[in-house]
Amino acid sequence: MEIIKPGTKIDFMKKRRIFAVVSGVLVLISLLLALVYPTPKFGIDFEGGTEIQLLVGKGMDSAVLRRSIKELGFSNPDIVSVGVGSEEFLIRIRSYSPVSESTQNKAREALKKALPDVKLSEFELSPGGDKLTLKFDADVDRNLISATLEKSGLELRRIKLEEKDKSKDKEDEAGAVKVEPQDQAAAAPDSEDEIDDEDEEKEGSSRCIDPVCPRGPKEDHIFEVFLKGIGSVVVEGLQKKLGTDKIKEARRIEWVGPKIGQQLRNSGIKSLLYALAFIMLYIAFRFDLRYAPGAVVALIHDILLTIGIFTALRINVSLETIAALLTIVGYSLNDTIVVFDRIRENFQKMRERELAKVVNQSINETLSRTLLTSLTTFVVVLVIWLLASGPIKNFSFTLMIGVIIGTYSSIFIASPIVVWLDRRFFSKK
Amino acid sequence: MEKKWFWKAGFTLLLLLLGLFFSISSLVPVPDEKGKSDPLPSWMRDMVNGINLGLDLQGGLRLVYEVEVDEAVADKRDRMATGFVSELKRRDIENASWKPVGNDTFDLTAANAKDADAVSDVLNDYRRVLVKTGGSVGKTIRLKMVDEEKTFIRDQSVRQAQETISNRIDELGLANTTVSRRDIDIIVEVPGVEEKQTARIKRIISQTARLEFKIVEDEISGDFFRKLSTKLPEDKSITLESEAIRGPEGPVRSYFLKAMNTEERSGRQVLKMFLKKNAEIPSDISIGYQELRDLDSQGNPTTEVSWRTFYLQRQAGVTGEYIDNAYVTNDQTTGKPYVAISFNRQGAGIFEDLTGANVARRMAIQLDDKVNSAPVIQEKIGGGSARITLGGYKSYDSMLIEARDLVVVLRAGALPAPIRPVTESVIGPLLGADSIRMGKIAMAIGSILVILFMIVYYRVAGISADIALVLNIVLITGILALLGATLTLPGIAGIILTVGMAVDANVIIYERVREELRAGKAPRSAIDAGFGRAFWTIFDAQITTFIAGVVLMQYGTGAIKGFAVTLLVGIVTSMFTAIFVSRLLLEFVTRRGKAETLSI
């Protein structure tokens with residue numbers, strides 16, 4: 001069986017200007033997209049988002065949850081089961097609920113007006129926009145706070161919670177959580193077992209299920225206000241869709257920080273750059289100086305175009321995408337080297353002075369292999385994309401794009417650059 | 001058949017068996033229930049580390065810690081107050097002192113009312129962070145940290161804690177562990193739930209690891225402790241003891257309190273409560289506690305544990321911040337492991353000055369509120385190195401583990417404030433059980449398609465390529481198991497890439513062989529020429545990717561590293577299977593060089 005008949009001759013080099021222009025335009029569009037939109041959207045791994053600890057009924061599974069959350073309009077949720085029976089899930093979505101500056105100011109002014117005798121020394125919204133911390137210099141009526149805030153346009157989250165058995169409810173809304181000191185001492189007899197009056201005080205405070213809760217020592221007059229953010233929207237949406245017997249309640253809704261810090265992100269980028277540099281060195285050493293830039297430009301082209309497609313399609317960049325990007329780079333590189341190798345061989349064999357002709361013949365000779373490999377890979381990735389769900393679907397989608405771009409670039413970008421460099425800098429005419 | 005062929009075939013078979021051996025031991029799970037017996041012998045388990053599945057594929061433990069931000073605030077208050085007092089000292093006000101009130105406030109007392117000018121002068125320097133508040137009486141003024149500063153310290157301490165914990169996890173070389181933040185909580189997610197492993201991780205995460213070198217005020221300890229002699233409890237649970245210390249100006253008698261552990265409380269707790277109730281510790285002094293074990297007549301430690309006090313300077317001479325490196329070494333004479341630390345240049349200077357100024361006095365090495373040891377400074381110590389001995393009553397192995405863990409935390413730095421475990425829960429795979437299930441099915445179908453394709457397109461040669469492919473996967477699994485690697489989704493991506501490259505290598509070779517056949521060569525020589533020519537193509541293509549993999553492994557972290565490891569392993573095995581093994585099989589098909597045709 002043969003896909004490409006031997007002796008095929010397509011003049012790739014003749015049309016190289018067209019492809020150069022097409023690629024140039026595409027890369028430019030990618031860059032522009034990245035500038036116009038707030039860069040490629042980084043996923044929850046990089047930026048943080050809202051985490052919902054959800055209590056569900058028996059028999060609920062992650063596939064149903066994932067589908068329902070997607071239908072509510074939140075892409076790529078992380079859904080993780082907690083515990084063995086899976087009656088609890090951690091749901092992480094990228095979005096959080098920013099409260100606009102004007103709403104914040106309005107609420108602050110309203111509070112000041114409602115409480116003229118008390119100084120409001122702290123008014124701080126959590127990064128996720130779902131918790132407001134207030135600090136006063138004297139005692140304030142909690143109901144007055146909630147009434148004032150609601151009137152000024154903030155939506156407060158009212159929790160309908162019956163008192164649960166305490167041991168199960170360690171992580172709860174008010175944050176009045178405590179691992180019993182005895183437990184701690186038993187677990188680590190060597191550890192610090194200090195007795196502090198402050199601790200004793202904390203223990204005394206019982207759970208607060210009001211939207212406005214006091215925090216810390218009483219004389220500090222600090223209150224936490226729980227706001228209705230995107231997390232509550234998700235929970236209510238799910239309840240409407242699947243019923244309250246399936247979706248029981250949210251144990252906790254809170255903003256979480258990124259898993260991949262700035263440092264890690266930078267080290268990833270740095271490692272990519274180093275890798276590119278070393279690859280260039282190797283190619284320059286094994287092949288010829290004029291080959292190296294072509295391979296690297298093709299790689300950069302691949303990465304930029306893939307990111308551009310991400311931005312255009314509003315796909316979140318997550319850990320999986322990074323892995324897929326790396327795979328694309330490896331794949332495209334492999335492709336490029338195979339073509340280069342044939343060029344090198346033919347150049348010696350053919351004694352043909354004009355590089356463009358050699359390149360053309362080499363691409364034609366390797367075309368069968370290039371298409372075969374790309375097709376098999378593409379089919380495998382396509383199958384995964386069709387069947388899989390969640391992160392793996394995104395992963396295979398990235399690979400699909402990458403296979404196409406990688407194959408294209410090794411034929412239409414890497415090799416023409418070699419020819420161009422040769423004409424521009426190495427030509428002896 | 002040539003003799004060489006059999007040698008090669010034997011070698012391949014041996015590798016296959018080894019690969020299978022290592023793969024099996026990691027593919028057969030250890031039974032969950034205790035009663036069930038392990039289908040594999042225990043020596044096999046011990047020998048092979050096995051492949052661990054990462055957080056994304058298998059789930060693991062989710063540990064939530066709360067950073068005790070108020071401790072960080074109190075700590076900063078202490079530093080501000082001591083700074084304030086020493087600033088006053090520079091202005092010739094000798095008798096200023098301070099006393100903590102709550103965690104963000106302190107009372108500053110200057111001896112004379114006339115010093116008020118100087119105090120307000122210094123306060124002016126601190127105006128951004130400290131504010132005068134009610135409760136100032138006579139010579140005492142009450143200073144409180146401003147709210148912005150407190151908010152800043154709280155936020156910063158959580159951020160630093162997250163960073164430090166990440167560093168520690170990096171030092172441990174744990175693959176696929178995530179550390180994230182939620183308000184004042186730190187969430188650590190560790191793959192797998194193996195108890196022994198997680199216990200160690202938990203211990204390392206939660207250790208504050210604040211290392212301080214403090215001079216012992218033996219000379220004036222008597223003034224403090226002897227006053228307490230009348231208040232000691234009648235049941236002798238606390239005793240006042242003394243010891244002779246060399247001292248710079250001749251021998252001095254140092255006093256300390258000692259208490260035994262009781263059923264409910266440790267000796268330290270007993271001492272702390274006693275001091276809290278009965279004594280006022282001067283503001284420039286802190287009390288250190290050391291654990292003591294009594295020895296029986298044979299010199300073995302008994303179970304009786306007691307604690308003693310040290311009368312220390314409050315301000316640490318040198319701290320762990322200045323550590324440049326830490327490592328485990330063995331003591332030449334006792335053979336026991338200890339942790340050697342070396343200070344950076346700045347720390348070495350401070351350490352030299354500190355030891356030089358305090359020859360013949362004692363210096364306590366305090367790790368997290370526990371005095372590790374308090375040796376007498378024999379002479380000025382230059383060069384910036386010190387040693388930390390370990391609780392000498394344990395077995396060699398447990399001391400070694402303790403030493404290694406200490407090295408990890410010392411290298412990664414101290415936590416800015418203590419952290420407290422809040423919850424611990426077992427979580428499912430991050431990718432979601434549903435998507436993993438479908439992912440497996442999809443990958444199986446994909447693989448079958450590739451295998452079928454190779455057979456349809458290359459016939460017999462395709463079958464040999466498929467056999468090589470299966471061997472490749474066995475070898476990758478075996479090597480990963482041998483390395484005890486953690487497999488994550490990015491890791492699987494690396495495997496897919498290398499398997500793809502192996503298929504590609506076979507495609508390159510076979511296309512070459514076809515070219516040679518078209519040129520009229522006999523099957524056997526077409527194979528030789530095809531493999532020979534294709535070898536360098538494949539070599540260059542794979543080596544370039546290998547270089548990229550090495551770089552990613554060196555500079556990358558977390559997910560990137562996982563990808564790089566499987567990529568590197570996969571490249572080596574796929575080169576071997578695609579070039580060596582599939583050639584072996586094709587040579588078998590065309591054996592004796594008499595075959596007329598080659599099915600390719």
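These questions and answers go through some terms used for this predicted model.

Modeller: The model is predicted, so local features need pLDDT of at least 70, side-chain atom pairs count only at pLDDT 80 or more, and totals for chains, interfaces and linings use all residues. Residues are numbered from 1 along each chain as its sequence is written, chains are lettered from A and ligands numbered from 1 in the order in which they are written, and side-chain values use heavy atoms, with hydrogens and water left out.

Colleague: Why is Ile381(B) called partly exposed?

Modeller: Buried means under 20% relative accessible area and exposed over 50%, with partly exposed in between (1.4 Å probe, protein chains only). Ile381(B) has 30% relative accessibility, so it counts as partly exposed.

Colleague: What does Ile381(B) touch, not counting residues up to four places away in sequence?

Modeller: Contact means heavy atoms within 4.5 Å; Ile381(B) touches Phe351(B), Glu352(B) and Thr355(B) on that count.

Colleague: What span is expected of helix H6 of chain B?

Modeller: The expected span is 1.5 Å times one less than the number of residues. H6 of chain B (residues 147–172) has 26 residues, and its 37 Å from first C-alpha to last is close to the expected 38 Å. Just after H6(B), Gly173(B) takes a positive phi of about 70°.

Colleague: How do the residues lining the second largest pocket divide?

Modeller: Ala, Val, Leu, Ile, Met, Phe, Trp, Tyr, Cys and Pro count as nonpolar, Asp, Glu, Lys and Arg as charged, and the others, Gly among them, as polar. By that rule the lining has 32 nonpolar, 12 polar and 2 charged residues.

Notes. Helices (H or I, at least four residues) and strands (E, at least two) are DSSP runs, numbered from the N terminus.
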